[in-house]
Amino acid sequence: QSQLVESGGGLVQPGGSLRLSCAATGFTLEHYAIGWFRQAPGKEREGISSISGSGECTNYADSVKGRFTISRDNAKNTVYLEMNSLKPEDTAIYYCAARKAAFNMCGLLIPISYTDWGQGTQVTVSS
């Protein structure tokens, strides 16, 4: 059974950092583009970053550019999201998602284009 599992969320003060992980089981992650999304209460799900199977192509939403870094370790079947300079407006449930894609194809930051989703991990930025 294919599954994505996020971890690494928690409570952090403004200006702090967290690293989220997205571990895949049941499928070979290098054959998939991976996206990170987030959803705050009362808001639509927002695409924030994506990475190609090769790791060569990455995308970032303007809201996180320069603060967040996406990376992957295909040997560990895991994708990471390093989040720095966190702000209260970054508070949300963070999800990773996968879509089958060519090795160097970047994923779009559009939720409907992804087929497999994790259950989410809560990130709260508050003093």
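At 24% relative accessibility, Cys57 counts as partly exposed, because buried residues must fall under 20%. Its partner in this predicted model is Cys106, and the two sulfur atoms of this disulfide lie 1.7 Å apart. The link of Cys57 and Cys106 is left-handed, with -110° about the S-S bond. Cys57 sits in the loop between S5 and strand S6 (58-60), while Cys106 belongs to the loop between S9 and strand S10 (116-117), so the bond ties together parts that are 49 residues apart in sequence. Cys106, for its part, is buried, with a relative accessible area of 16%.

Searching the whole structure gives two disulfides. Cys22 and Cys96 are both buried. Counting bonded cysteines along the chain, the disulfides of the protein follow the pattern 1-3, 2-4.

Attention now turns to Ala40. This residue is found in the loop between strand S4 (32-39) and strand S5 (46-51). Ala40 is buried, its relative accessible area being 19%. Leaving aside residues up to four places away in sequence, Ala40 touches Thr91 and Ala92. From Ala40 to Asn77, 37 residues apart along the chain, the C-alpha atoms are separated by 27 Å.

Terms used:
Residues numbered from 1 in each chain as written. Predicted model: local features only at pLDDT ≥ 70, side-chain atom pairs only at ≥ 80, totals over all residues. Heavy atoms only, no water. Helix = DSSP H or I, 4+ residues; strand = E, 2+ residues; numbered from the N terminus. Buried < 20%, exposed > 50% of the residue type's maximum accessible area, 1.4 Å probe, protein only. Contact = heavy atoms within 4.5 Å. Disulfide = S-S within 2.5 Å.
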